[in-house]
Amino acid sequence: MDISFNQDQIEIANQAHRFLEKECPAEFVRRMYEDEKGFTDELWHKMAEMGWMGMTIPEQYNGVGLGLTDLCIILEEMGRVVLPGPYFSTVMLAAEALKAAGNESQKQTYLARIAVGESRGTLALFEPEGGSRPGYIRMEAKEDSGGFIMNGTKLFVPDAPVSDFMVVAARTGAGNDPAEGVTLFLVDTGAPGLSITPLITMDGTRKQSAVRFEGVKVTSENILGGIHKGWEPLSRVLNRAQVGLAAENVGGAQKAMEMAVDYAKIRVAFDQPIGAYQAVKHMCAQMLVEVEGSRSILYYAAWAQDEERPEQAALAASVAKSHCSEAYRNVCTDCIQVLGAIGFTWEHDAHLFLKRAKANQVALGDTAFHREEIARLIGCDGV
Amino acid sequence: MDYRLSPEDENYREELRAWLDRTFPKDRPPPKTDTIEDARKAYQNYQRKLFEGGYAGIRYPRKYGGQNGSMIQEMIVTEELAPYGRDHAAGINAIGMGMALPTIHAVGTEEQKEMFIRKLLDGTHVWVQAFSEPNAGSDVAACTTRAVRKGDRYLVNGQKIWTTSAQYADWSLVLVRTSPDKPKHRGLSYLLMDLKAPGVEIRPIRQITGEDEFNEIYFDDVEVPLNMLVGREDEGWMIALTTLMFERVMGDLSMANTFKIMFDNLLSMAGSVKENGRPVLENPYYRQKMAKCYSDLMVLKYTGLRNFSKVFGGGVPGPEGSIGKLLWSTLQVNMSELAMEIQGPYNQLMPGSPSAIDNGLFQYSYLYAKGMVIAAGTTEVMKNIIGERVLGLPKDMSRSAITRK
């Protein structure tokens with residue numbers, strides 16, 4: 001047993017930290033916040049040159065072939081600077097879906113291009129009446145002369161306008177159970193009948209859209225994995241991505257805490273720095289408890305995805321997702337309180353973190369959903 | 001990064017489990033622990049067996065009776081022994097194992113090591129720590145118990161309070177003031193005291209649970225030989241701090257083990273309680289809370305492992321250990337609060353009441369938890385430590401002025 005980072009991992013963290021401090025300062029994040037596209041090709045290519053697009057993609061598809069733990073180290077740093085753009089959707093959603101369910105030719109076509117920064121993808125999963133339940137999949141893909149025709153709406157699809165393709169979960173069989181009759185499709189974002197409407201969201205750093213499917217035709221070659229068998233690989237993809245989000249949350253919470261603590265040391269009120277007052281000091285101490293507790297569960301959950309039995313890994317993912325999301329939200333809330341009026345302004349960066357925290361809280365299953373998953377997995381039904 | 005044990009360590013765990021099954025058969029009822037004598041006997045027999053079986057003092061040198069083993073082995077033993085320790089009142093010597101042992105080993109004289117380590121490991125001695133006083137609780141350094149040097153001994157006078165398990169104990173770590181004229185933190189010394197010495201009086205205090213687990217101790221001209229001083233005279237404060245840090249490294253992990261047992265009890269209790277004629281765990285309100293408790297338990301476990309791993313890697317326990325204390329004491333409060341909530345009106349029934357659920361186990365833990373956010377450093381003191389010594393926030397001016405005085 002050794003649960004510290006090895007030398008390579010420490011180097012990955014340092015390198016990512018230096019790169020992102022330089023390439024993604026707050027001014028850049030703010031510019032992308034207001035920008036329709038939300039990222040620049042220049043930064044995308046630099047990240048690709050770093051090898052980040054293919055971190056967890058196997059080497060035979062141009063990737064680096066590392067584990068989720070290594071990727072989480074980078075995601076933590078990305079969360080720390082509230083990195084804008086479609087990295088998460090491409091690497092943690094689309095690429096993972098291809099890894100989990102793709103056939104050889106799909107992997108050659110899509111994964112190999114993602115790994116070198118030449119293609120972007122996303123996941124169209126959530127539906128208007130499903131809340132944040134990933135398993136609520138009602139949109140139909142009806143068989144039609146050797147192919148399928150899709151009709152319906154997917155919501156909260158990240159980065160759809162800048163993606164080349166999306167992985168779409170649709171119902172091909174009857175019933176409501178996602179484990180039966182759900183199929184994953186690879187759909188070109190330019191497909192006829194597919195329309196994308198950007199949503200005006202609180203977190204401007206990660207764009208989301210509504211995607212409407214009106215008679216979108218796909219062939220059986222677009223099926224990702226087995227027909228009616230989409231849920232099993234998809235749920236594994238979601239677990240990994242939930243851990244990825246937890247990593248972002250830890251990085252963001254760490255930075256929000258640092259902003260609050262730094263300010264508490266220099267801001268003087270009633271003749272002493274506000275950090276000397278226990279009301280403020282204890283808020284800061286609680287932030288550290290939240291951040292370090294979150295980091296502890298995050299890296300176990302990341303390791304578990306690659307190394308543990310599926311049920312243990314799923315449990316750890318839900319714990320990490322719900323715990324780290326709440327921690328991030330809590331730290332941002334207290335950060336603004338410590339900052340006082342300046343924290344309420346647009347000018348200070350605190351709101352960028354709070355808004356990302358709020359978005360991550362409901363992304364890929366909200367806290368209530370994950371707690372219900374945990375309750376089920378620890379045996380609250382069977383006692 | 002690997003959270004798995006090596007095959008050798010897995011093997012060690014299997015051997016330990018087999019040994020525990022043989023030595024403490026499951027079908028044999030646990031010993032009586034109701035009276036002071038019974039509890040001492042139960043603990044001493046238990047500890048003696050661990051010592052003879054080679055499972056005491058895992059990472060201490062053989063010359064003092066230890067096993068010269070690894071920290072991982074110690075972690076395994078701590079984890080596996082948790083339920084057995086509960087059955088054998090091992091809690092009465094938790095301070096001995098968690099504080100006295102590492103402190104004496106780290107900073108004691110050779111003579112002190114020879115005198116005490118083996119007797120701690122083989123169950124002969126039970127140790128406690130007497131730091132707190134009526135007017136020195138969270139502010140431990142406000143200690144006024146006096147020790148005056150007289151020939152080859154100290155004469156100790158004063159009063160300690162909240163000394164857990166003193167009624168069971170043979171020896172105590174005692175913080176005393178040797179130089180009242182020096183600044184507050186620089187006039188304290190750290191003594192090892194024989195509690196059977198003339199002039200020591202122990203008076204139990206009845207606590208919120210109805211039990212008398214902790215005590216007042218009065219010292220009236222108690223003689224302590226000079227060779228029972230740990231470290232140098234007037235330098236006791238740093239030793240006291242070290243002692244408290246050691247308490248926390250293994251503490252978090254063994255708390256995680258203890259609370260896992262408590263959570264399993266809670267889960268099976270919740271599975272049998274009904275509301276409206278239906279199992280209470282069908283209610284999403286409770287399911288959500290159960291899930292939150294379980295999450296916090298995992299957070300505690302992996303935070304404990306991280307701290308442990310840091311020390312294992314050659315580091316010293318640092319003030320960040322305070323994070324674990326906050327995690328486990330909060331978890332204990334929340335978990336026992338949830339147990340009470342799940343029981344509804346039954347949560348009023350105490351041990352002895354025929355309808356009491358699990359004979360009042362959770363009523364006891366609910367009340368007991370109230371002390372855990374106070375003992376071993378209150379939540380507020382822990383947050384001061386984290387704020388000042390980890391995050392580097394300034395001290396309150398009024399407080400730093402007093403400290404300078």
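This is a predicted model: local features need pLDDT of at least 70, side-chain atom pairs count only at pLDDT 80 or more; totals for chains, interfaces and linings use all residues.
View 1. Polar contacts link 18 residue pairs between chain A and chain B, with both residues at pLDDT 80 or more.

**View 2. The side of chain A that touches chain B.** Here α7 (231-266), β10 (272-273), α8, α9 and α11 (367-377) of chain A each give two or more residues. The largest share, 17 residues, belongs to α8(A). Sorted by class, this side of chain A has 26 nonpolar, 13 polar and 11 charged residues.

View 3. In total, 50 residues of chain A are in contact with 47 residues of chain B. About 4,500 Å² is buried between them, and carbon and sulfur atoms give 66% of that area. On the chain A side, look for Met1(A), Ile3(A) and Trp303(A), which lose the most area to chain B, together 19% of what that side buries.

**View 4. The second largest pocket.** This pocket has a volume of about 1,400 Å³. It is lined by 50 residues, and those closest to its centre are Arg13(B), Arg17(B), Glu79(B), Glu80(B) and Asn257(B). Both chains supply lining residues: α8 (278-307) and α9 (310-339) of chain A are among the contributing helices, as are α1 (7-23) and α6 (236-272) of chain B. The largest share, 7 residues, comes from α3(B). The lining comprises 26 nonpolar, 4 polar and 20 charged residues.

Key: Residues are numbered from 1 along each chain as its sequence is written. Chains are lettered from A and ligands numbered from 1 in the order in which they are written. Side-chain values use heavy atoms; hydrogens and water are left out. On a 1 Å grid over the protein atoms alone, a cavity is a set of points where a 1.4 Å probe fits but cannot get out, and a pocket is an open set with protein on both sides within 12 Å along at least five of seven lines; lining residues have an atom within 4 Å of a point. Grid points are joined across faces, edges and corners, and a volume is the space filled by probe spheres set on the points. Helices (H or I, at least four residues) and strands (E, at least two) are DSSP runs, numbered from the N terminus. Ala, Val, Leu, Ile, Met, Phe, Trp, Tyr, Cys and Pro count as nonpolar, Asp, Glu, Lys and Arg as charged, and the others, Gly among them, as polar. Contact means heavy atoms within 4.5 Å. Buried area is the accessible area (1.4 Å probe) that two parts lose on being put together, summed over both. A polar contact is a pair of N or O atoms within 3.5 Å; within protein, one must be able to donate a hydrogen and the other to accept it, and residues adjacent in sequence count only if both atoms are side-chain atoms.
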